[in-house]
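Open the model in your viewer and keep the sequence panel beside it. The stops below are given as selections, each with a note on what is there.

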Amino acid sequence: MPAKFTLPKLTPQTKPFASALKLALAVLVAKAKIAQVAGDAVTLELPSGIVLTDANVAVKYILNTIAFDGSEASLLQSAAIEKEETTISRLVLQKDTQDALGIAETIAARFGSKIFGTADKLTAVDVVFFGTLYETLSGSDLAKYPALASWFANVSKAPVVAKALETVDKQISKSAKKKAAGAGDKKAAKQTTLAELNPATQKLNKVELLSVPDGTSKVLPKEGERNILITSALPYVNNIPHLGNIIGSTLSADCYARYCRARGYNTLLICGTDEYGTATETKALEEGVSCQELCDKYNAIHRKVYDWFGLSFDHFGRTTTPKQTKITQDIFHKVHQHGFTSQDTMTQLFCEKCQRFLADRYVEGICPSCKYNDARGDQCDACGKLLNATELESPRCKLDGTAPITRDSKHLFLNLDTLQPDIEKFNERVNTEGKWSANGVHITQSWLKEGLRPRCITRDLKWGTPVPLAGFESKVFYVWFDACIGYPSITANYTDDWEKWWKNPKNVKLYQFMGKDNVPFHSVIFPGTQIATKEDWTMVHHISTTEYLNYEGGKFSKSRNIGVFGTNAEETGIPPSVWRYYLLSSRPETSDSMFTWNEFITKNNSELLNNLGNFVNRVIKFVIAKYDGVIPSADVSGEAEVTLNKDVNALLTQFNENMENVKIRQGLATAMAISARGNLYLQESNVSNTLFTESKAKCDAVVTAAINLIYLLSAVFYPFMPATSESISRQLNAPLRNIPDQFTYDILAGHKLNGAAYLFSRIDDKMEATWKAKYGSSGSN
């Protein structure tokens, strides 16, 4: 006799409902052939005829986790299920939500990785906790429970979850559904899943709609249009990016690319992982894997992080490709043929035990300047002095600790001294035309003022682009020489017509985003290399440089578990829009800035929630409540509306000027000022039930002006918080639009809104201490 899963008619927010969800989910996870039959109680009847009435026991049986093997994971999973059964489940049924979620949050934060699975492979703990907490978590402010929120989001992605919910939903009686719907009215705005846009109920002026590439066709330059090529500094592949890395290049580049698309410019955004060089070899040795395996692992991590942050790369590639080799070697041949390379002998450290020349990062020793004992072969972390490995006192091989000897090795050099006049001429023009950031200009001029010297472009390594020259077969190009060539090679992996972007200076403007430590490679060395080929390359028009973002009074450190890294942001349960807002509003454009949890929480609660969130939600809910969501006919020629239009247009002009000049932080501040002006307008107009009742014509004008201002805000916030703009678009029942030059009234009388939904949630101030404890603080330094 096959096993039977008995399901009765169900009522939400009861123990049978939770038990049914547990069993339905367990059956799907196990892919078990268990027949579902109707009955009076949730049970599992085994082939032997034994009937299990305890849902947790049934789940463990279905998932074959009855046996206890004595391992830590088995012990922790058993303890978690027992805690759910004896405490959490009871508290949920008693409606003691705060205590139930508090206990679950503690378990998730402390043991999550050891007891929970992945969306593709759920554990018994996932099934049991989800069954009990599903209804509670669906209606709670998850910002208070970051670990639980992250787990809940992960489990909810599992395809089997949707099927399990569908199974139990079919068993809910009609009367129970009606009762549940009535009870949930007060939470409707927060839980609303907004419908798709409905053209049948739209009344809109014809506006330029936002056009976002869908990947079905390649983005190529167009004659007669503004063609904007944007690159983000290629993140090095051997680590997980932290918040400073993200705002320093990738997020900033994405924000500007989204702005350009929203202005109707033909835009291509390119990035990828920089994968060659000593750092990769070193990390691969540490992890006991091949260089390629290491690159594959971290490239996937970077992709996942950037996807979560909503970065809109047209192509995210990598430098370990055949096209990188071909383009790099082709560029080298041209540079070499035109006489801009030379050969010289370098004295390097050689490890007799390893039988290899030691690259800078393979050497440690005493800094000759500050006497720090663990200085690297290229730089001292204590005093910051740049070094050559041969300058270290008492050098030692990082691989085996032995003292290396010196040995001569022949290398190739790029003659930057010969190229300096042309590099200076190029910089004099583009620094002004491209309106570079002050720090970018300063760093470049410092290099040029000091005088350029021939720079070695080869290394005695295995992992890199091979040097295509007789006598140098055992060498590869130094990563700083071929890393910037990654931009065109990644573009070449995106489209065979890559030269239409990269060898088209008359029709393409190149914008490059990076941290200040990368400036010389983009302003001196790569332009010098392009000049040396004597080809007509698209060269950098604007360099946008950031200073450093630090963390809670110190520096980010993965080894010391200090700081928020890309994978941590998702764990907090705080949505990407809030992270994007914080980082872009704190972007270190002119000086270093500091991430603090206190400021992070304050910006969410005081700026996003109280300014933008309050304005949008207040207006849309009012229109739905008083006008049934339909925009009234109105006279918007009153003094208050005329003044509002004038002020908003002045701010909009300022916003566009800021963004055109890549002053991203100022642009975001101006967008918030537009929202604040909307709040002031509501306050001055005293929008209320009384206004609606006693001054209907004035109220009509206020809601018409405010709704149209919200439509403008959906456009200007798109570069910074695209998901927020999409939510506003859904609520307004109006498609995402381009950023205009002028504020106009484009949502017309008779247009029907789609519904209200909160844009942001309040973060409990107590989370500051929780997150500091989890991610470190200055006290940990």
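Predicted model: local features only at pLDDT ≥ 70, side-chain atom pairs only at ≥ 80, totals over all residues.

To find one end of a bridge, pick C351; its partner in strand 9 is R356.

**Helix 14**

Select residues 416-433. Helix 14 has 18 residues and spans 24 Å from its first C-alpha to its last, close to the 26 Å expected. Centre the view on D422, where helix 14 has a kink of about 35°. Next show the side chains of the buried residues: L416, L419, Q420, I423, F426, N427, V430 and N431. What do the buried residues of helix 14 pack against? Their contacts are strand 13 (405-414), helix 15 (438-450), strand 14, helix 19 (519-533) and strand 18 (540-546). After the helix, pick K435, which has a positive phi, near 50°.

**Helix 7**

Move to residues 159-169. V160, V161, A164, L165 and V168 are the buried residues of helix 7. They lie on the same side of helix 7, because they cover an arc of only 135° around the axis. Turn the view to the face away from that buried side, and the exposed residues P159 and A162 are there. The buried residues pack against helix 1 (15-30), helix 5 (124-138) and helix 6 (146-156).

**Charged pairs**

The model has 39 salt bridges. Start with K170 and E166, whose closest N and O atoms are 3.9 Å apart. K170 counts as exposed because its relative accessibility is 57%, while E166, at 47%, counts as partly exposed.

Then select R318 and E275, which meet in a salt bridge at 3.0 Å, N to O. R318 is in strand 7 (residues 315-318) and E275 in the loop between strand 6 (266-273) and helix 11 (278-287), so the pair ties together parts 43 residues apart in sequence. Are these two buried or exposed? R318 counts as buried at 19%, and E275 counts as buried at 0%.

Another pair is K475 with D460, at 2.5 Å between the closest N and O atoms. Both are in the loop between strand 15 (458-459) and strand 16 (476-477), 15 residues apart, and both are buried.

Finish by selecting D330, K334, E499, K503 and E535, which a network of salt bridges links.

Notes:
Residues numbered from 1 in each chain as written. Heavy atoms only, no water. Pairing = 2+ DSSP bridges. Helix = DSSP H or I, 4+ residues; strand = E, 2+ residues; numbered from the N terminus. Expected span 1.5 Å × (residues − 1). Bend = angle between axes of the 7 residues up to and from the residue. Buried < 20%, exposed > 50% of the residue type's maximum accessible area, 1.4 Å probe, protein only. Contact = heavy atoms within 4.5 Å. Arc of directions from axis to C-beta. Salt bridge = Lys/Arg side-chain N within 4 Å of Asp/Glu carboxyl O.
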